[in-house]
Amino acid sequence: MMELLLILILLTDVALCSTGRLRVLVRTAAWQGFFLGLLALCKGFTFHAATLAAATIAVKAVIFPYILNRAIRKSGTLTEPLPYVSYNLSIVLCALMLGLCVLAADRLPSGQWRMAASIGFFTMFTGFFLIITRRTAFSQVIGYLALEGGIYAFGLSLWQEMQVEVEMGLLLDVFAAIFIMGIVIYRISSEFEHADTARLDFLNDSEEYD
Amino acid sequence: MTALADFLIALALAPLLPGIINRVKAFFAGRQGQSPFQLYYDLLKLLRKGAVYSTCATYVFRLGPVIGLAAMLGALAVMPGGSGDALHNFDGGIIFFAYLLALARFAAILAALDTGSSFEGMGASREALYSALAEPPLFVALAMLVKTTGGLSFEAAFPDAALLGGTPRLLAAAALFLVFLAENCRIPTDDPNTHLELTMMHEVMVLDHSGPDFAFISYGAALKMWVLGALTARFLLPFGPGFELRQEALFLAAMFAIALLTGVVESCMARLRLNRVPAMLLAALALSFAAFVTA
């Protein structure tokens, strides 16, 4: 069961790297959140685990997609315009990152959760990768989400006893961040008519930018 | 003995796979459709005909279909069928198999270039590009098999594939199914029904072949479908050696299920835009790489 969930998370990571359609990205990120939530139950069905799973699924698979979809609808940006790294190259780099992450996770004392550690790493790197290589603020926010999801999966794999308070605090942070970003993206796109962050390079005090 | 039976079964049933795919497509389109045995009739008809050769074509053109068919027969000989035994079993058979597929492709590309037709040259160029992209997922999936089982022949490797978890095998089978679609020129990459469109690949390369040559090519294509289908199926069904009726039935059912699935994919999907095809094959690579690292 856990292995299947991890594979599904891995597939959502690859999917995140391979497309620039924002709605598809949001949907994929929502599924990833759902699988991450279920992952918490794999350490045994306790009250803490159930709370964590329910909170994760509620926030990542329901609330975030809602906020992001609303921001996308308002900004009118539907696709990523020309990412810095092409989608094909992204998939190849994704595969390479996966290999590196498996090697790295081999050196950790995570025992039978070795695979969860490597997939957690991989999800983190996917998040980093999206933040670095995509232009619209939406993809970057989704990258940030994946990054947090990776930390979550990684945390699950390393600690024997789940630190529910820590996870909850993390979730709250991310929630606040996404909430603020939703507003910021809306501001960016209404100010510059597009959510492309590369245009922020042209900001200066002179009157040249119009 | 059972290996020989498997070989003959494959030879006899391979032309049925395209027939099943066509029948499924016809069902989805609400048509009656041609008989599933249509390819058999076509082959018989073509074999009775004479061949026409262009004056500017050389022996390379005549050699193409022969090499193609021979390579497919060789590939079939190292691939175990339902019984778990291969007709020809030796260490390194897995690599031999991959190279035979490449050899058949090489012969087809040379024959296409030999006609001097720019149209066929274009098809050959695309075939070369996509088959080059389809090779890494195939090799990574085979590497996963070798890494886990230590056997360099299919006969040694497949029984031990049961040691692998279900998920790596499923991932590898999914990757190999994408390779199957691309290598057999099925829909997300190429549309086997289009004969005069600028986006087609396989069909354009064989336009100049006629009569028995074309029969060889069609039969070779059917065998290729069988061999790659068997590879995909055997990742999911790791039988031991020896003949068992249940295994044989399961294997044939899996082969027809793959044909059925291909028909469904063809009915439900449009062909990908030409420049999106590499993304599909790279996704296959990512899948088989994931299988490799999780195995």
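**Figure 1. The largest nonpolar core of the predicted model holds 160 residues.** Within this core, Ala175(B), Leu281(B) and Ala286(B) touch the most other members. Helix 10 of chain B, residues 211-236, supplies the largest share of the core, with 16 residues.

**Figure 2. Ala286(B), one of the core residues that touch the most other members, meets residues of chain A.** Leaving aside residues up to four places away in sequence, Ala286(B) touches Val14(A), Ile91(A), Cys94(A) and Ala95(A).

**Figure 3. The contact between the two chains is formed by 16 residues from chain A and 13 residues from chain B.** On the side of chain B that touches chain A, two or more residues come from each of helix 8 (166-183) and helix 12 (277-294) of chain B. Helix 12 of chain B gives the most to this side, namely 10 residues. By type, the residues on the side of chain B that touches chain A comprise 10 nonpolar and 3 polar, with no charged residue.

**Figure 4. Helix 12 of chain B is 18 residues long.** From the first C-alpha to the last, helix 12 of chain B reaches 26 Å, close to the 26 Å expected at 1.5 Å a residue. Of its 18 residues, 17 are buried, so helix 12 of chain B is largely enclosed by the rest of the structure.

**Figure 5. Cys185(B) sits in the loop between helix 8 and helix 9 (202-205) of chain B.** The phi angle of Cys185(B) is near 55 degrees, which is a positive value in a residue other than glycine. Cys185(B) counts as buried because 20 other C-beta atoms lie within 10 Å, and 20 or more is the cut-off for a buried residue.

**Figure 6. Confidence along chain A, which averages a pLDDT of 83.** In chain A, 91% of the residues score at least 70. Among the elements of chain A, the lowest mean pLDDT, 75, belongs to helix 7 (residues 164-192), and the highest, 93, to helix 2 (residues 22-39). Where pLDDT is low, the predicted coordinates should not be read in detail.

**Figure 7. Confidence along chain B, with a mean pLDDT of 89.** In chain B, 97% of the residues reach 70 or more. The model scores ipTM 0.77 and pTM 0.87.

Terms used: Residues numbered from 1 in each chain as written. Chains lettered and ligands numbered in written order. Predicted model: local features only at pLDDT ≥ 70, side-chain atom pairs only at ≥ 80, totals over all residues. pLDDT = per-residue confidence, 0-100. Helix = DSSP H or I, 4+ residues; strand = E, 2+ residues; numbered from the N terminus. Contact = placed C-beta atoms within 7 Å. Nonpolar A, V, L, I, M, F, W, Y, C, P; charged D, E, K, R; others polar. Expected span 1.5 Å × (residues − 1). Buried ≥ 20, exposed ≤ 12 C-beta atoms within 10 Å, placed from the backbone. Core = buried A, V, L, I, M, F, W, Y, C linked by C-beta atoms within 7 Å.
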